[in-house]
Amino acid sequence: MIEYLSAASFGGLSVIVFIYGMAWIRQRVQRMNDILEFIGNILKWLHYYNDLQENKATLRTNTNTLNAKEKDIRDRANIEEQQTGGIVKEEVKNWLTNASSIQQEAGEILNKLSSAENGVWLLNLMWLIWLGSRVEIKITKIGELSNAGTQISDMDSLISSVRQNPQLPPQQLVGEAAQANLRDIVNWATSDDASLERIKGIHGGEGYGKTVLMTEIHNRLIKSSFSNVYWISVNSDSSLQIGIAKEVLGVDLREDQEMIRRARLYNALCSKDRFVLIIDGVCQHLDLRNIGIPVDKGKVIISSRYKNVIQKTGCSAIISLEALSDAEAETLFDIENGRASFNPEINMIKRKIISKCGNVPGRIKTVARQLIGEDDLAMWRVVESEIS
């Protein structure tokens, strides 16, 4: 009878420990599927518990090994990225992300184990068995990641061959002169003739279409499969360095010293077979060589309202943009307004507006867009009267 009661008591205690333990686990585990899988492996529970200390030591060792491998690969990827100006391969990025994530998860499990081992043994028994199962899973996943890391380490390069250059939103380039300028500059930029000048300047007042022309040059070069084309809007030496670094290297150099920025840019651009830098909106003198641009290795296109700013860069080939002809100005207005014809009275006011805009493309675009869908003659007169 006593033996029966003892067996019954032990059985009852086991049930209580099981129920309490599963409730304890449920409070701490979000994924119900993981719990169901754990229960399904009930025959392995004794194994999880008996091998816990050995597996814990293995997990810690393997995590440290993976951490060292991750650091080596990350450092190598950063160096190759800086030297080539390319971008890290997606499979390398994904491996680094996964390696960092699983190390964090392993650290959390080891911390939970330390807390559980310091608690009441009987109450924590199920929790320790659960954590033992997680330790084995992490050991397996870390092993798989470590093997994949070895394959990545054996790669000749961790960098993609080309940094992808997206096309900029297309602009409306109107006028024979503008089209001729576009053709000439693209031909110059893609030419292998070493005797040609290395810097081109585009000069014009506000609204004369400098940015529009630069945008179309950029897109035309991209369409022609010219690999290394970089667009930067800038107004100072330091912001130019930072802008180029972001485009060429894909990194933020704001925290680096000026000398380091210069060296990193110089080395990255020198590693290119050829490159074209498109620098838009320059307002003050830029010392290209002091910034770290090896002008003799590529070509640079600069736009500015100020002709002397372009000249101080050493550029002698400057294109000065001019106003459109009357016919070109009217064509641009119609395109921007979205209409091919107007009634005679509005058409007369339209021409007065164009004249008041001085046939300057930017001013014409602004007014034409303001009057999209407007058929009220009085409103056209009001807009025309407001143009100085």
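**Ground rules**

I am working with a predicted model, in which local features need pLDDT of at least 70, side-chain atom pairs count only at pLDDT 80 or more, and totals for chains, interfaces and linings use all residues. I number residues from 1 along each chain as its sequence is written, and side-chain values use heavy atoms, with hydrogens and water left out.

**Overall make-up**

I looked up the secondary structure and found 16 helices and five strands. Here helices (H or I, at least four residues) and strands (E, at least two) are DSSP runs, numbered from the N terminus. Next I checked burial: of the 388 residues in the protein, 43% are buried. For me buried means under 20% relative accessible area, exposed over 50%, and partly exposed in between, with a 1.4 Å probe and protein chains only. I then took contacts, meaning heavy atoms within 4.5 Å. Among those between residues at least 6 apart in sequence, 74% join residues at least 24 apart.

**The cores**

I searched for nonpolar cores, each a set of buried Ala, Val, Leu, Ile, Met, Phe, Trp, Tyr and Cys residues joined through side-chain atoms within 4.5 Å. The largest one holds 28 residues, and Val-92, Trp-95 and Leu-113 have the most contacts inside it. I traced at least two of its residues to each of helix 4 (52-84), helix 5 (90-117) and helix 6 (121-153). Helix 5 contributes the most, 10 residues.

Which residues does Trp-95 contact, leaving aside its neighbours within four places in sequence? I listed Leu-66, Lys-69, Glu-70, Ile-73, Leu-145, Ala-148, Gly-149 and Ile-152. Another core, of 22 residues, lies apart from the largest one, and Ala-178, Trp-188, Val-229 and Trp-231 are among its members.

I also stopped at Thr-63, which sits in helix 4. Thr-63 is buried at a relative accessible area of 11%, and beyond its neighbours within four places it contacts Gln-103, Ala-106 and Ile-142.

**The pocket**

Then I went looking for open space. The largest pocket contains about 600 Å³. On a 1 Å grid over the protein atoms alone, a pocket is an open set of points where a 1.4 Å probe fits, with protein on both sides within 12 Å along at least five of seven lines; lining residues have an atom within 4 Å of a point. Grid points are joined across faces, edges and corners, and the volume is the space filled by probe spheres set on the points.

I got 36 lining residues for the largest pocket, with Gly-207, Tyr-208, Gly-209, Lys-210 and Leu-321 closest to its centre. Two or more lining residues come from each of helix 7 (176-190), helix 8 (210-223), strand 4 (299-304), helix 13 (326-337) and helix 15 (361-370). Helix 15 has the largest share, with five residues. By type, I noted 14 nonpolar, 13 polar and nine charged residues in the lining. I count Ala, Val, Leu, Ile, Met, Phe, Trp, Tyr, Cys and Pro as nonpolar, Asp, Glu, Lys and Arg as charged, and the others, Gly among them, as polar.

**Aromatic rings**

How many aromatic pairs turn up in a search of the whole structure? I found three. Rings of Phe, Tyr and Trp (its six-membered ring) pair if their centres lie within 6.5 Å; planes under 30 degrees apart count as stacked, over 60 as edge-to-face and the rest as tilted. Phe-333 and Phe-342 make an edge-to-face pair, 6.3 Å centre to centre with 65° between the planes. Phe-342 also pairs edge-to-face with Trp-380, at 5.7 Å and 75°. This second pair links distant parts of the chain, 38 residues apart: Phe-342 is in the loop between helix 13 and helix 14 (344-356), and Trp-380 is in helix 16 (residues 377-386). Trp-380 is buried, with a relative accessible area of 0%. I logged Phe-333, Phe-342 and Trp-380 as one aromatic cluster.

I found Lys-200 in strand 1 (residues 199-203), buried at 14% relative accessible area. Lys-200 touches Trp-188, Val-300, Ile-301, Ile-302, Cys-315 and Ala-317, not counting residues up to four places away in sequence.

My last stop was Asn-359, which has a positive phi of about 60° although it is not a glycine. Most residues other than glycine have a negative phi. Asn-359 is in the loop between helix 14 and helix 15, and is buried at 9% relative accessible area.
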